[in-house]
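This report goes through one chain, from its overall make-up to single residues. Definitions are given where a term is first used.

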Amino acid sequence: MAGGLATRRRWGAMGAMAARARRMNWRWMRYVMASVAALATDVGLFLALLASGMTAIGASATGYCTGIIVHWLISSRIVFADGAAEKGSGERTRQKALFVGSALVGLIITMAIVGGGDAISIDPRLAKLVAIIVAFQTTYMLRRHIVFRA
């Protein structure tokens with residue numbers, strides 16, 4: 001009988017872990033979709049500004065900053081809604097500040113990679129692609145574990 005209870009507890013714990021993994025997977029997928037929307041904004045503006053003659057680093061920074069706004073709107077309302085503080089609260093203000101801080105980390109990564117690539121004559125579009133990958137994972141981890149701790 002004791003073995004049966006231990007087995008049920010073990011399976012119950014495994015079921016709970018599996019449910020949490022599914023929730024985390026869906027959260028990550030929602031984050032990917034939010035990132036796609038923000039990235040479309042970022043890259044679309046980046047390419048338009050690059051075509052208009054703006055420097056690669058300036059176009060990259062402007063596109064990224066515009067994408068930040070799109071990402072906050074989606075992340076706070078859909079991706080991390082369960083961890084988002086109530087609108088108008090001090091905690092919500094703290095989350096916005098941390099979100100902007102995480103975005104600035106991503107911006108620094110983006111500017112360093114694009115600027116560095118440009119300095120050594122790497123096509124800015126290729127450098128931007130590398131920056132997207134590195135900044136994506138970095139900002140996800142910051143937002144998941146620090147900004148929207150749920």
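What percentage of the 150 residues of the chain count as buried? The figure is 31%, where buried means under 20% relative accessible area, exposed over 50%, and partly exposed in between, with a 1.4 Å probe and protein chains only.

## Basis of the model

This is a predicted model, in which local features need pLDDT of at least 70 and side-chain atom pairs count only at pLDDT 80 or more, while totals for chains, interfaces and linings use all residues. Residues are numbered from 1 along each chain as its sequence is written, and side-chain values use heavy atoms, with hydrogens and water left out.

## Fold and surface

The chain has 4 helices and 0 strands, in the order α-α-α-α along the sequence. Helices (H or I, at least four residues) and strands (E, at least two) are DSSP runs, numbered from the N terminus.

Of the contacts between residues at least 6 apart in sequence, 71% join residues at least 24 apart; contact means heavy atoms within 4.5 Å. The accessible surface of the chain is about 8,600 Å², and carbon and sulfur atoms account for 71% of that area. Accessible areas come from the Shrake-Rupley method with a 1.4 Å probe, and for residues only the protein chains shown count as cover.

## Nonpolar core

The largest nonpolar core contains 14 residues. Such a core is a set of buried Ala, Val, Leu, Ile, Met, Phe, Trp, Tyr and Cys residues joined through side-chain atoms within 4.5 Å. The residues with the most contacts inside it are Tyr31, Tyr64, Ile68, Val79, Phe80, Phe99 and Phe148. At least two residues of this core come from each of helix H1 (2–51), helix H2 (56–79), helix H3 (90–119) and helix H4 (124–147). H2 gives the largest share, 5 residues.

Leaving aside neighbours within four places in sequence, Phe99 is in contact with Ile68, His71, Trp72, Ser75, Arg143, Val147 and Phe148.

## Largest pocket

The largest pocket has a volume of about 330 Å³. On a 1 Å grid over the protein atoms alone, a pocket is an open set of points where a 1.4 Å probe fits, with protein on both sides within 12 Å along at least five of seven lines; lining residues have an atom within 4 Å of a point. Grid points are joined across faces, edges and corners, and the volume is the space filled by probe spheres set on the points.

The lining has 20 residues, and Ser35, Leu39, Tyr64, His71 and Phe136 lie nearest the centre of the pocket. H1, H2 and H4 each supply at least two lining residues, with the largest share, 8 residues, from H4. By type, the lining divides into 12 nonpolar, 5 polar and 3 charged residues. Here Ala, Val, Leu, Ile, Met, Phe, Trp, Tyr, Cys and Pro count as nonpolar, Asp, Glu, Lys and Arg as charged, and the others, Gly among them, as polar.

## Individual residues

Val114 lies in helix H3 and is buried, with a relative accessible area of 0%. Val114 touches Ala56, Ser60, Ala127, Lys128 and Ala131, not counting residues up to four places away in sequence. Val114 and Ala56 are 58 residues apart in sequence, with their C-alpha atoms 7.3 Å apart.

Leu47, in helix H1, is partly exposed at 39% relative accessible area. The C-alpha atoms of Leu47 and Gly63 are separated by 8.6 Å, and the two residues are 16 apart along the chain. Ser121 is found in the loop between H3 and H4 and counts as exposed at 68% relative accessibility. Although not a glycine, Ser121 has a positive phi of about 65 degrees.
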